[in-house]
Amino acid sequence: MDYSKILDKYENSVVLITGGAGCIGSNLVRILLSGSPRKVIVLDDFSSSYLWNLPKDNRLDVVEGSILEEQKLKQVFYERPDFVFHLAAHFANQNSIDHPETDLMVNGLGHLRIMEYARLTEPQRVFFAGSGCSVYGSHAPIPFKETMVSLTLDTPYQIHKLLGELYCNHYHETYDLKTTNGRFFNVFGPGEVPGPYRNVIPIFTWRAMHEKPLLITGTGDETRDFAYVGDVVNGILRMGVFEKAVGEAINLASGKETSIKELATLINEITGNPAGIEYRPKRSWDKSNRRLASIAKAKELIGYEPQMEFKQGLKNVHGWLKSYKSNIVESIGPSAGLW
Ligand SMILES: NC(=O)c1ccc[n+]([C@@H]2O[C@H](COP(=O)([O-])OP(=O)(O)OC[C@H]3O[C@@H](n4cnc5c(N)ncnc54)[C@H](O)[C@@H]3O)[C@@H](O)[C@H]2O)c1
């Protein structure tokens, strides 16, 4: 994908990315550094990511610490970032069911602190990583449009992702902070290390690489909107500079629906996994049978157009997991492949 036109807008700027070592953040860092920013600052506590996932570059400043730590926030905001991409989060649904207070602290209070420092330092834009898998609830009509937000949500993570958007809107309305809410769906691509709380694609691919059956919780007819990380980063960068995105919530997705059975079959085919598929009961909180985003608003306001063909994206994940296998095994330890 050609990012050059959009990267020109970030020339000579200072960019702060919270959660920049994570799946989406590390891709955003790499793509930004392929342009000419003055400095990219990552604030990450490495609670669900690893330093090896970040490139080495003398324009990259990695600050290890939490978005809850005032000292670290003072340090990174002292640089007066022109752009703030707030991606750090306690991720995701099952993790928040198991650790609801941590979820509130990081995704609620941590987010509020980012907003406060942004209010004081006035960056050109504050992008928030919201979640279209969260805020529409389980029963919105297909495709999900930005106006359909639900107040009946299924997990603390979903509730706090909505809270994050509400804080952004409050800071925009009250202090004229230039906030923008990106609503991601199931983002996938190189850079996501598999683990018990991670997304289905790295978990399935990792299991397939170990010739284990892919475990589907449900019938497999459930659908999701899988968005390739390179496309999502393109959308994030556009939301960071397009004036029309200010004060708006915008779906960043593929606009296509894929069933979990179809996904599992494709991954077994790509990896040559002979172990097949096994079915398990649905998780109690998972009430969402279909997910499909409307990307009409993203097209209209920021010219967003996803490019990656789905199967090629899955092959890229497989390639990345193979290339980084030893780092991953070292990082996630002997439980690798068991979830
Ligand atoms: N991946 C998806 O499918 C998806 C979907 C919807 C929304 N999102 C949101 O997008 C953002 C990025 O997602 P991701 O897939 O890259 O997740 P990720 O877990 O890979 O990245 C999150 C990063 O935040 C860091 N982090 C966690 N707590 C922190 C804290 N207290 N202080 C500083 N850093 C902290 C983690 O170490 C990690 O590097 C998150 O806000 C997530 O909720 C992701």
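1. Ligand shell, composition. In this predicted model, the shell around the ligand divides into 16 nonpolar, 13 polar and two charged residues. Of the 31 residues in this shell, G19, G22, S49, A89 and A129 come nearest to the ligand.

2. Ligand shell, secondary structure. Two or more residues of the shell are given by each of α2 (23–33), β2 (39–44), α5 (100–121), β5 (125–131) and β7 (186–188). The helix α2 gives the most, with three residues.

3. Domain 1 and domain 2 each place 15 residues in the contact. On the side of domain 1 that touches domain 2, α4 (93–98) and β10 (226–228) each supply at least two residues. The largest share of that side comes from α4, with four residues. By class, this side of domain 1 has eight nonpolar, six polar and one charged residues.

4. Nonpolar core. The largest nonpolar core holds 91 residues, of which V15, I17, L28, F85, F204, A227 and V232 touch the most other members. Both domains take part in this core, since at least three of its residues are drawn from each of domain 1 and domain 2.

5. Surroundings of V15. Which residues does V15 touch, when those up to four places away in sequence are not counted? The contacts of V15 are Y10, L32, P37, V40, P81, D82, F83 and F85. One of these, F85, is listed with V15 among the core residues that touch the most other members.

Key:
Residues numbered from 1 in each chain as written. Predicted model: local features only at pLDDT ≥ 70, side-chain atom pairs only at ≥ 80, totals over all residues. Contact = placed C-beta atoms within 7 Å. Nonpolar A, V, L, I, M, F, W, Y, C, P; charged D, E, K, R; others polar. Core = buried A, V, L, I, M, F, W, Y, C linked by C-beta atoms within 7 Å. Buried ≥ 20, exposed ≤ 12 C-beta atoms within 10 Å, placed from the backbone. Domains from an automatic or database assignment. Near = placed C-beta within 6 Å.
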